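Dear colleague,

I am handing over the structure that we spoke about, and I have set out below what I found when going through it. Please keep the model open beside this message as you read.

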Amino acid sequence: MKEHLRSYAGNFLFALNIFIIFLLLFESKLEIPVWLHPFGRMHLLLLHFPIVLLLISMILEIFGTRISFNKQPFYEEFTSIVLLVGVISAGITVIMGLFLSRQGDYGRNVLSWHKWFGVSIFFLGSVMYTIRSSDKYKTVMVKVGGSITIVCLLLTGHFGAALTHGDGFIWNSVMDDRAEVVPIEHALVFDHLIKPILDSKCTGCHNPDKLKGKLVLTDSASIHKGGKSGKLFVSGNPEISLLMNRIHVEPESKKHMPPSGNTQLTPDEKELLRLWIKANTQFNQTIVSLPPTDSLRLLATAYLNTSETLEDPFEFSSADEETVKSLNTNYRVVSPLAKNSPALSVSVYNKETYTSQTLNELMDVKNQIVSLELSKMPVTDNDLQNVAKFENLRRLNLNFTNITGDGLATLASLKHLTRLSLSGTKVNYPDLKQTLVDFENLNTISLWKTEVTADEINQLQTEYKNIQFLVGLKDDGSNPIKLNTPKLKHKSVVFDDSIQLQLFHPVKGVEIRFTTDGGEPDSTASIFNGTTILKESTTIKARAHKSGWLSSDAVTLHVYRSYYKPDSIMLLSKLNRVHPANGAQTFFDHQLGTFNANSPAWANNWAGFLKNDMELLLEYKTPKEISSIAMNTLIETETSIFPPATIEIWGGPSIDKIQLITRMNPEYPKDYRKPFIELIECKVPKRKVSYLKIIARPLRKLPSWHKNKNNPALLLVDEVLIN
Amino acid sequence: MGNDLFEYGLNFNRRRFLSKASLGLGSLALGSLLVPGLFGGNKNQDDNFVPGIPHFAPKAKRVIYLFQNGAPSQLELFDYKPKLREMVGQELPASIRGGQRLTGMTANQDSFPLAGSFVDFKQYGESRAWISDLFPYTSKIVDDICIVKSMYTEAINHDPALTFLQTGAQQGNRPSMGSWLSYGLGSENKDLPAFTVLLSRGIGNGQGVYTKLWSNGFLDSIHQGVQFSSGENPVLFIKDPKGMDRDTRRKMLDNVSSLNQLAYQEFGDPEITTKIQQYEMAYRMQTSVPEVMDVSKEPDDIIKLYGPDCLVPGTFAANTLLARKLSENGVRFVQLYHQGWDQHGDLPYEITKQAKDVDQASAALVTDLKQRGLLDETLVIWGGEFGRTNYSQGTLTKDNYGRDHHPRSFSIWMAGGGVKPGIVYGETDEFGYNVIKDPVHVHDFHATVLYQLGLDHERLVFKHLGRRYRLTDVDGKVVKDILA
């Protein structure tokens, strides 16, 4: 070969190296233009050259280390050229391969093995070619490099074949002669689902020739018969079937099937076997004879159609962007289903603005609409003639519209319609029976709140096996629900003089029975009619009743009377940081607190005292005759909220002359208990006062049973009632 | 002469170098033709996405997220662990805990006694899923839901964990999930916000929720969540003030709008057009909101379905019913929060109450959507921000215990929206502590939800402060196994 040609080729090889490294680095970002696709596909054509050339050159190279060959100039020259041509052809093949790999969807794993072995061949070859003329090129290197290259060649070829022909191509025809594809319409549950599973995982041992456990799983009669350990299954009862037991017993067990070390059943396969037994182990049942919602059918369909395409390809062209834009109003949204999709989805809202024009205006995009949302619009049968023109419609929601069975017939021309929602419309059984036959592709229809009865649905279901009927719930009174409890409707349950009792229940038409004397609100209790006037702090017990419902639990409600509101309120002591509530006003603002007050978020309305006493001075401009002072407190033992240890009431005609009227020591909990709210009342002999001082001392040391013993307790008060 | 020879060698090398370098550069240049935008930066990546148009045809159009705030205990609801009952009171093996960091509430505890569930479990449905006796209604819809037992998160405290689940980051300055969807899918009904929020509170120990959870972050403020509250004024500041009639309001809006237009022409701030749109929507919401929020026309069987509490404003049941109504009216993302699931102590009592609050209404929502033919296009999600520990916080007694925060495993369920019904996905070890099969990270969960709505989580980006942000940050993979 002429020297300059050879140096050109050498340079070309160098360029190829750089180019391939670049491609590998940026592989994920490569976008191969369409006109280069044929170049990529020629990978399959060219790849045979480097295989042969490199194989020859490597063999020559390895033998070339023998002295006898070494001395022959022709041998040396020939080997070098074959190697160069081989490496270059390998490089081009690699580039083509990289291009091709970006076009198709190949199995990631195999592809990556193929790619990296292929690339290594090229780099190995390049290195060998580059250093072979230098004196560092040793016999060992030649032999090792050559052998590796040959191994790589074989592996690359093997993985490549797996890519194009599939795994196990060579043996497939010998091993498996039943790989027939059955359309789902004709598939039998046993023949096309169950038997292939058994054949691939079980009959290796359980066949008439091998007879492990005296069990044969090759034909239905033998499957029925079972083996040494008895019958394989109890039809309809997978839980107690031997087959399921053997599959699910722990893998270490000897009884586990298939035995560990053999290919195990996949979760889908296990589930199929379970469902098949559950469906009474039929041998001649077709998949389509099962109801469309049946688990076995769903799983079987998915199992047989693994390659089913997800996206619905649309055959129409897209609408004009400006037209689509102009069709959007505040009450009608027209938007593309997805980027680069010609399909449009339309939703219409607001009853008041809906007219038949709303649909009529959509005629410019009638071919593009695939989804239409008209729920609750006053759509009439006439409007459906417009809808029927949207020939590519897939989903249509007509829930709670004014359509009837007549309109339904017009929709039958929609050949692509798959989902139809008719809940809350006037369609009835005769309409459906008559028209459904024309809906070719319909698979789901919702009929809740229509005139169709459950029996009629069953009839439709037997007639139209491919349609799923959504019927929802009908209240037949067989599962009555318990009413919730009545509530007080007052803005505040604290009142000054008297209050008209207002009991309230959210459910219409309930009867509320109540007592105010602490008795149970049973059937003898009075019925609430809104005329009861309460003049004292009262505990009300109430219960709600309604036919068709279970009666509510009895609820205990309180109203509080606080007659003498002081003219001025002075709080003489400090409030706890977390519980400032509404300052001194808190005690007379008619606002009560709730549980969980230890958390700052719910501390509202609770005034708290932790390390100091509560000292409250009240002033009345005119003397009042008082007989009772009460404070509403929260008790939550878990979080150290306790009632006061001592309450002292001081009173008198003027601020200097107040004296102790009474002192009491409220009881405090003796053990942990659930939080509760307690009104602590001090009754005093009637007397007139202008000034009143209330002192409540929180517990200084928590009792010894408490986890925080010896620490001070927290006192929480939300209201003080003076009568 | 020697010099010449040296010079020759240099020349030779220089020539060789230059020719090789040109070859190399040439190859690189040739290769670069195949990588579009290699030298142009990623400029057109943002242009790729048109807000409001999904990347591919969506399976689900809307989401209702029944968020159980405070982290419900998976061990009392979905993740059945008989082993914990057998080993009750025994120490949590260190090998299982594997050095997991603990919260300040139990880190100093002397021992970690395992606590079994106080409540029994039974199997339901075709999938034979284990459901606790606390959920009698949920157990009836098992065939419609997909229970994921292998969720895990990174945060161990409520606020970061909640923020992480809602925004994809723990710190809380990012757009909420609902805002991303509003940005990605646009509004279906221009009378209502695309993202609404409803709050309720149970009797259990509660944790706060804050408006940052439904913030639009750096997205346009039109994508912000709008809180609907119970009572007379469901949406604050939407009613006309006293003495203002609708015509006057209209005139005022028209004038404000033309002023805003002028401002926009002068400054070109897109936030001004947002303002105009929001005023207009608020005007339309004055009629649409009262209609949506009115539950008085709901028939008796619906009230029985959701339970009579659905008529008591502010309860979870009422919010669930409203969620259905909002969703039915085209609201893309309805976010509920039910507070009170933080059972550090007194768990048996509190969780029983909490479960009762949500069980019937949650199941009712799925049933109701189904009978309207809406379940296949509405994704319902039920779950909290993390799980709870398998050991007791505080003293373990025969009938009382508490559980601390546990990020390594928790259970949620999803229904509708193209998610496989009637399956249980993922598994935890027999202690219910670590995920041993099919783990689902919060980012994976987000990626999956976006995927069902036709959005590629890697392409739903927004450039802010020089960085392209995603809901899934730099991670997340779609859990295809749970998709139908």
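**The hairpin of E2(B) and E3(B)**

In the hairpin that E2(B) and E3(B) make, four residues lie between the strands, and one feature here is that Gly125(B) adopts a positive phi near 70°. Before going further, please note that this is a predicted model, in which local features need pLDDT of at least 70 and side-chain atom pairs count only at pLDDT 80 or more, while totals for chains, interfaces and linings use all residues. Residues are numbered from 1 along each chain as its sequence is written, and chains are lettered from A and ligands numbered from 1 in the order in which they are written.

Strand E2 (residues 121-124) and strand E3 (residues 129-132) of chain B run antiparallel and are joined by four bridges; helices (H or I, at least four residues) and strands (E, at least two) are DSSP runs numbered from the N terminus, and two strands pair if DSSP finds at least two bridges between them. Within this pairing, Lys122(B) stands opposite Ile131(B) of E3(B). From E3(B), Ala129(B) and Ile131(B) point one way while Trp130(B) and Ser132(B) point the other way, and all are buried, where buried is taken to be 20 or more other C-beta atoms within 10 Å of the residue's own, exposed 12 or fewer, and partly exposed in between, with C-beta atoms placed from the backbone.

**Domains and sheets of chain A**

The domain assignment (bounds come from an automatic or database assignment) divides chain A into domain 1 (3-170), domain 2 (189-304), domain 3 (321-470), domain 4 (487-561) and domain 5 (568-722). Taken over C-alpha atoms, the centres of domain 1 and domain 2 of chain A are separated by 49 Å.

One open sheet of chain A has seven strands in the order E1-E2-E3-E4-E5-E6-E7, with mixed pairing. Strand E1 (332-336) and strand E7 (468-470) of chain A each have a single partner strand and stand at the edges, so one side of each is left without a neighbour in the sheet. Inside this order, strand E3 (residues 369-373) and strand E4 (residues 395-397) of chain A pair in the parallel sense over three bridges, and Leu372(A) has Leu396(A) as its bridge partner in E4(A).

Another open sheet of chain A has five strands in the order E9-E16-E15-E12-E13, and its pairing is also mixed. Its edges are strand E9 (494-495) and strand E13 (526-527) of chain A, each with a single partner strand, so one side of each is left without a neighbour in the sheet. Strand E12 (residues 511-515) of chain A runs antiparallel to E13(A), the two being joined by two bridges, and the bridge partner of Phe514(A) in E13(A) is Ser526(A).

**Backbone points to check**

The peptide bond from Met257(A) to Pro258(A) is cis, with omega near -10°, and Pro258(A) is found in the loop between helix H12 (242-248) and helix H13 (267-278) of chain A. Ala581(A), although not a glycine, has a positive phi of about 45°; this residue lies in the loop between strand E17 (568-571) and strand E18 (607-609) of chain A, and it is buried, with 23 other C-beta atoms within 10 Å. Asp438(B) likewise has a positive phi, near 50°, in a residue other than glycine, and its place is the loop between strand E14 (435-437) and strand E15 (440-441) of chain B.

**Where the chains meet**

The contact takes 50 residues from chain B and 48 residues from chain A, two residues being in contact if their C-beta atoms, placed from the backbone, lie within 7 Å. Helix H1 (2-32), helix H8 (270-293), helix H9 (300-306) and helix H11 (347-371) of chain B each supply at least two residues of the side of chain B that touches chain A, and the largest share of that side, nine residues, comes from H1(B).

**Contacts of Met414(B)**

Leaving out residues up to four places away in sequence, Met414(B) touches Ile145(B), Cys146(B), Val148(B), Leu379(B), Val380(B), Ile381(B) and Val419(B).

With best wishes
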